[in-house]
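Welcome, and thanks for taking a look at this one with us. Please have the viewer ready, and we will walk through the main points together.

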Amino acid sequence: MYSNEIQAILDSLGIKPGDTIAISNGGESEEGVLMPRSDAGDNSVIVIKRKDGYNIGLRYSKDMRITKQASGTGHFEFPKAITTTNGSLNNVALLYTGGTIGSKVDYATGGVYMLTKPEELLHEVPELKEIVNIDVQNLMSIASEDMTCLEWRKIAEGVVKAFDKGARGVIITHGTDTMHYTSAALSFMLQDLNGPVVITGAQRSSDRGSSDAFLNLICSAHLAANSNIAEVGICMHKTSSDQSCIMIRGTKARKMHTSRRDAFRPINSSPIASVDRNGRIEYKSEYRKMSAHGTRTTAMTGFEERTALVKVHPNSTPEILDFYVEKGYKGIIIEGTGMGHVPSSTSKEEYSWLGRIKNTVDKGVVVGMTSQCIYGRVNPTVYRNLRLAASAGAIYCEDMLSEVAYVKLGFLLGNYKAEAAKEMLNTNIAGEITARTEFEPEFTE
Amino acid sequence: MRDNEYYKKLGFKCGLEIHQRLATRQKLFCSCSAEITGDEVIAQVSRRQRAVAGELGAMDRSTSFESSRKRKFIYNIFRNTSCLVDIDEEPPHKVNRDAIDTALRFASAFGSKVPDEIEPMRKEVVDGSDTTAFQRSMMVAYDGKIEVNGRHIPITSIFLEEESSGIDSSSNDSVVYNIDRQGIPLIEIDTDPSISTPQEAKEVALKIGLILRLTGRKDGNTIASGVQRGIGTIRQDVNVSIAGGTRVEVKGLQEIGSVDLLIENEVERQIRLIEIKKELVARQAKVDGSSVDLSKILGSVSGNIIGDTLSKGGIVLGSRLQGFAGMLGMEISQDRRLGSEISDYAKMAGVKGIIHSDEDLGKYGIGDSEIRMIRSELGVNDLDSFILIAADKDACTMAMSFALDRARMALTEVPPETRAVSDSKKGTTRFMRPLPGGSRMYPETDSEPILISRQYYDGIQKQTVYMEDRLAAIRKEISNQQLAEQMAYSVRLPLYEYITSNVSGINIVVAATLLEKIKELERSGISVDIDKDVMVHLFKAYAAGEITKAAIGEVMKNSPKSINDTDRIISEKSLARISGERLKELILKEKKASKGDLAKELMSKYRLNVDGDEFNVILGDMK
């Protein structure tokens, strides 16, 4: 945004970003296309794009004379894919939700926008036409950090509708930050799934020639069209190379890096499958398979919004639990240390969480325990302090990820009575808990 | 005679782009070392890149061309000189201020305007040379000028950008790049296309190079240089066109000495291509674009490219070029024919090249009977030519389409191209890719704009030492003008300035030693790598009359490691100067028939200890 002063002058001259203007100051004149001012930076600097394509910024001063030379063409229209149907290919729905995979520089104005038309994204991945017949549904266009359970519900319903319309599989494009929350939510919400639901995104925006979006979309299309996986999974880069992707179970995935292409890793499990650009799918572990006798997919979309995820740490006081009780929360996941510890026998009594946990449970709130180690399983019996926390009423959530436990608890409380939710919290329902963990020489690989 | 008038008549236009690596400690957008000496490769990743829609909606012709080649790019990752930023796995860090400051100094040196805010941009490049598929680049100045032989040449723009990755090796379908150099700050100085002759282009390039090397920052007693020196640290791109021709960019010339030859050849090439075009138009030549699989006809050819390809299951495609008879073999510059231009295009699809009917086909194992069959199969008559390509089916099909595109261009234009130097001595070039259009620039949204206040820029200018002042000082200090010029261009100029700022009155000796003595030692296999303060100590000893000029080289020969080491060498090798009374005594002791014999005898014995001038004076005074 330009400063009010500059904006007023531009308005009075009828100048909009994208228009060609001349700026003269004491005999020297610069000409170029007016660019919008990004939120960063000094808003009294006017940015123009010169003929050679470069932008420069000129500080506004009272002596400046700005004139409009030509009107711009308005927003840039990105080319769109023409979707055609090929009888020999499978039909797949693509539900577009936004995120980096769909963000682009608007070349006319220089700003970054979320694409509202997914066909624009498909235009840049012509390979898809050879893999699937894609039916694009534009559900929303939001960044993943802005996702809430309302959007999860909308996506789950979108998936049901797509299967009802005859899709064999579904691809969901999504921002990466909270992709693993959404994948967990869909894993719980979708019932009797009988086709692949593949969530994908990008760590590099698709307006860059080096974007990971292209391979991610190609591999997701292969999975949605040709795999027999009847589960929700995340399909993103296997390594930093643009060679293959992995499909990670929706309840076992976590974003483990802020920026790398291979940020999504399976935790406490192997990926379901790997897939390369040519469509070669290798199954890597047990999974739920599509069945010829499958019933209709439905969605259970209740979600208890008053569910919280709390992290303990040295010096943390348990008063936060009182706050949640007071606000009427129904469920709390505590991310403990190690195998599920909370401060218990502290030198100062007020740092101990035990009494507060018991109190919270007594008030009818379901309390679950996970570990901030990320990898491994919590255990309620190895140490005395663990036994104390467990006997205070915390439910130990096995090898479930904290984020997944949070989503699961919200889902359970939104669809079942508290007693049933309590029972189900540490029972596997969507692959979120595994009974045995296989040995991996390097477990983070 | 190819004088100014000749080039004016041709409608000659020429501009230069000089790319020079800056001597900053770190890269432009990350904290990796900007010095790439002897780092080790620790991993590789492979990537793909594709063209994305440019600003005008259309894909840029160079980027979509590269994209159609579908090559795999493999990047060598280095321990100290590359990080996640360089491998496109982390957003850029804050811009390197040192690089900005250096660029601003050059802006001042070229008398350019500096914007109030510098805007980092992305320039799309999908040949894999940048892991990001774009080069980060920013305009730091515009509208400058230089003077060459009394003529003003506008310096239209100065850019600060990231160096690209260097090619390690390449094959049909993949390229291996070293990313150690990617991201090193690079400055690009562009002239406008008003350069009037190839000779002038060379002079402009030399002048810009001199300004880049001699513009520095005051750093105490010395001047810190802004640019790296050595092989590969400066490259010149040349833009050339003539009337009826087109703008062609020749990239990456490292030897400034052949700038003029290269331009002359490009002019010649465009003249020939225009002549060929006229001839083809007169003949109503045509390229219909169809091709025929000749694999069966050529089934009996063994060995060579054709036999080998067919035995591996590949195919041979042929196409008729109507009205092209004799044209493919027409020379357009030294060792280059229209056929080689077409072949360059075909090679982009990963094939070895083309075979055409203006060549001796016998050397490919194609006999007269096969030629007859090819001609009849393609419908070629005496006025036509044909081309053949042998490769696996996909590559062959793509190569034929590239080749026919180029053949078609011969009918209408000199194609706008980016060309690479193929032989810098002969000044010849080959096709690299279509010339990029303007539709590949967009804002680098990961990086903040950089405000340059008036005050800040004034501060930069105050610290700047300009080429003219530095050159004038050198010319004043070194009376031998040839030596002065050599010093100004020398890589040892900063060392010269350091020594002479610490030891006064011996500038010529310092210059001669650094330029001539060291070169002589290096030629005899002795590498001279002496600390600058040890150098100062050595020259101080000379200035104080403790050693002779000849002894300076002798000490250097022994590679002193420290000041003490220097003194030890002087004493162990008995290099202390003999002068005054001691020298007189020495002369009197020797009894020789003639002064000539005496001089010969003594100087051969005490060459390193006795100053020749002093000796002659004393000898002259003696009876």
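How many bridges join strand β7 (residues 151-162) of chain B to strand β10 (residues 185-191) of chain B? There are seven of them, and the two strands run antiparallel. Before going further, please keep in mind that this is a predicted model.

**The sheet of chain B**

- The open sheet of chain B is built from 10 strands in the order β22-β21-β14-β13-β1-β10-β7-β6-β5-β23, with mixed pairing.
- At its edges stand β22 (428-434) and β23 (441-443) of chain B; each has a single partner strand, so one side of each is left without a neighbour in the sheet.
- From one strand to the next, the twist averages 30°.
- Strand β5 (residues 121-124) of chain B is joined to β6(B) by four bridges, in the antiparallel sense.
- β5(B) is also joined to β23(B), here by three bridges, and this pair runs antiparallel too.
- M121(B) takes part in both pairings: its bridge partner in β6(B) is S137(B), and in β23(B) it stands opposite P443(B).

**Helices packed on that sheet**

- Helix α4 (residues 198-214) of chain B packs on the sheet, where it touches β1 (13-21), β6 (134-148), β7, β10 and β13 (234-241) of chain B.
- The direction of α4(B) makes about 25° with that of β1(B).
- Helix α5 (residues 259-282) of chain B packs on the sheet as well, touching β1, β13, β14 (248-253), β21 (417-423) and β22 of chain B.
- For α5(B), the angle is about 30° with the direction of β13(B).

**Chain B as a whole**

- Chain B contains 20 helices and 25 strands.
- Its C-alpha trace spans about 100 × 65 × 55 Å along the principal axes.
- Of the 623 residues in chain B, 47% count as buried.
- Among contacts in chain B with a separation of 6 or more, 74% come from residues 24 or more positions apart.
- Chain B is divided into domain 1 (4-279), domain 2 (286-410), domain 3 (466-572) and domain 4 (580-621).
- Between the C-alpha centres of domain 2 and domain 4 of chain B, the distance is 80 Å.

**Where chain A meets chain B**

- In the contact between the chains, 34 residues of chain A meet 38 residues of chain B.
- On the side of chain A that touches chain B, β3 (45-49) and β4 (55-59) of chain A each supply at least two residues.
- β4(A) gives the largest share of that side, with five residues.
- Sorted by class, the side of chain A that touches chain B has 12 nonpolar, 11 polar and 11 charged residues.
- Pairing also crosses between the chains: β4(A) and strand β4 (residues 117-118) of chain B pair in the antiparallel sense over two bridges.
- Here G57(A) stands opposite E117(B) in β4(B).

- The domain assignment of chain A gives domain 1 (4-70), domain 2 (90-299) and domain 3 (307-425).
- The C-alpha centres of domain 1 and domain 3 of chain A are 57 Å apart.
- Helix α10 (residues 402-415) of chain A has 14 residues, which at 1.5 Å a residue should span 20 Å; its end C-alpha atoms are 20 Å apart, in agreement.
- α10(A) is mostly covered, with 13 of its 14 residues buried.

Terms used:
Residues are numbered from 1 along each chain as its sequence is written. Chains are lettered from A and ligands numbered from 1 in the order in which they are written. This is a predicted model: local features need pLDDT of at least 70, side-chain atom pairs count only at pLDDT 80 or more; totals for chains, interfaces and linings use all residues. Two residues are in contact if their C-beta atoms, placed from the backbone, lie within 7 Å. Ala, Val, Leu, Ile, Met, Phe, Trp, Tyr, Cys and Pro count as nonpolar, Asp, Glu, Lys and Arg as charged, and the others, Gly among them, as polar. Two strands pair if DSSP finds at least two bridges between them. Axes are lines fitted to C-alpha atoms, for helices over the stretch in contact, and angles run from 0 to 180 degrees between N-to-C directions. Domain bounds come from an automatic or database domain assignment. The expected span of a helix is 1.5 Å times one less than its number of residues. A residue is buried if 20 or more other C-beta atoms lie within 10 Å of its own, exposed if 12 or fewer, and partly exposed in between; C-beta atoms are placed from the backbone.
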